Amino acid sequence: MRIVVALGGNALLHRGERPDAAVQQTNIDHVATALAALAQEHELVVTHGNGPQIGLLAMESEADPALSAPYPLDLLGAQTQGMIGSLLARALHEALPGRRIAALVTHTLVRTDDPAFTRPTKFVGQVYSRATAEKLARERGWHIARDTTGWRRVVPSPAPERILETDTVHDLLGLGTLVICAGGGGVPVTAAPDPGARTGVEAVIDKDLTAALLAEDLKADFLLILTDVPCVYERYGTPDQRPLSDVTPADLRRGGFPDGSMGPKTEAAARFVERTGGLAAIGALEAAYEIVHGGSGTLVRPDLTVG
């Protein structure tokens, strides 16, 4: 079975943790352990978040006196793909001796007229108090918004149209390679007037929506979205909280899940199932194997109702 695995940013750097290399290495070692059993039985493509990492690089770039201008988000996204891809590849090589593994920097085409460019909504970077976030917004020209646990920077998040290296990923899979790609949703680019030319843009694409598009284009059987909660919860955080174990895209669309957390994951799962007739699931990283085999998480299946 061909599975596209979408790792949440919190799987790589947990909320409140220092963004040290050693901390991320430890977390990625846990990721490799969680995915190894799946990789023994199935064909895997692994995508990952990069919110904390790109936020850190953006802050460092803003403060670097050697630069006349900070690095744009598209190049910072490429840097995080290389860094996280290398860490994941090394950990997976250790967990899967002899397996072909490749980390690929990929680019995602977006539309220049996407309304997201006038309405920043994508959270990047660390969580701040409101006072600190407002100070940084004044100093650096940031847009800020409230996340579930505090205040964070928000940037444009245009919809992914096409992953430009999909054919390369397909070829690598044909060679038996476990592919790591589309990190952070891919490097956002737009089509230039010249044939074949691509221009990077100041944005971060939602990695779950990119993973769903990648899974569709690769004709994957299963989209597995891994995060830091065991499943999707209806009315999460309230006294009436209820776990969802078996749902359809229509069920998810009625759920009203927040944009800053579970909303993009449920939308990505719903899109993949609707467009392909395949299966998707959302659950905890440590239960990856059990989720695929029906023992954990929230399974999203086609609505087979007739009439």
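With which handedness does α7 pass α9?

The model is predicted: local features need pLDDT of at least 70, side-chain atom pairs count only at pLDDT 80 or more, and totals for chains, interfaces and linings use all residues. Residues are numbered from 1 along each chain as its sequence is written, and side-chain values use heavy atoms, with hydrogens and water left out.

**View 1. Helix α7 against helix α9.** α7 passes α9 in a right-handed crossing. A crossing is right-handed if the near helix is turned clockwise from the far one by less than a right angle, and left-handed if anticlockwise. Helices are DSSP runs of H or I with at least four residues, strands are runs of E with at least two, and both are numbered from the N terminus. Helix α7 covers residues 207-217, and helix α9 covers residues 263-276. The two pack at an angle of about 15°, with their axes 8 Å apart. That angle makes α7 roughly parallel to α9. Axes are lines fitted to C-alpha atoms, for helices over the stretch in contact, and angles run from 0 to 180 degrees between N-to-C directions. Angles under 35 degrees count as roughly parallel, over 145 as roughly antiparallel, 65 to 115 as roughly perpendicular, and the rest as oblique. On the α7 side the contact is made by D208, L209, A212, A215 and E216; on the α9 side it is made by P264, K265, E267, A268, R271, F272, R275 and T276. Contact means heavy atoms within 4.5 Å. By class, this contact has 6 nonpolar, 1 polar and 6 charged residues. Ala, Val, Leu, Ile, Met, Phe, Trp, Tyr, Cys and Pro count as nonpolar, Asp, Glu, Lys and Arg as charged, and the others, Gly among them, as polar.

**View 2. Residue K207 of helix α7.** K207 lies in helix α7. K207 has a relative accessible area of 7% and is therefore buried. Buried means under 20% relative accessible area, exposed over 50%, and partly exposed in between (1.4 Å probe, protein chains only). Leaving aside residues up to four places away in sequence, K207 touches A6, L7, G8, H48, G49, G184 and G185.

**View 3. Helix α4 with helix α3.** Helix α3 (residues 51-63) and helix α4 (residues 73-95) pack at about 125°, their axes 9 Å apart. This makes α3 oblique to α4. The crossing is right-handed. Q53, I54, L57 and A58 of α3 meet L73, L76, G77, Q79, T80, M83 and I84 of α4. These residues divide into 7 nonpolar, 4 polar and no charged.

**View 4. Helix α4 with helix α2.** The axes of helix α2 (residues 21-41) and α4 come within 9 Å and cross at roughly 50°. The two helices are therefore oblique to each other. α2 passes α4 in a right-handed crossing. From α2 the contact takes in Q24, Q25, I28, D29, V31, A32, L35 and A36; from α4 it takes in M83, I84, L87, L88, A91, L92 and A95. The classes are 12 nonpolar, 2 polar and 1 charged.

**View 5. Two residues with positive phi.** Most residues other than glycine have a negative phi. K219 has a positive phi, near 55°. K219 is found in the loop between α7 and β12 (222-227) and counts as exposed, at 69% relative accessibility. R235 also has a positive phi, near 55°. R235 lies in the loop between β13 (232-234) and β14 (242-244) and counts as partly exposed, at 43% relative accessibility.

**View 6. Residue Y233 of strand β13.** Y233 lies in strand β13 and counts as buried, at 18% relative accessibility. Not counting residues up to four places away in sequence, Y233 touches Q241, R242, P243 and F257. Y233 and L244 are 11 residues apart in sequence and 5.7 Å apart in space, C-alpha to C-alpha.
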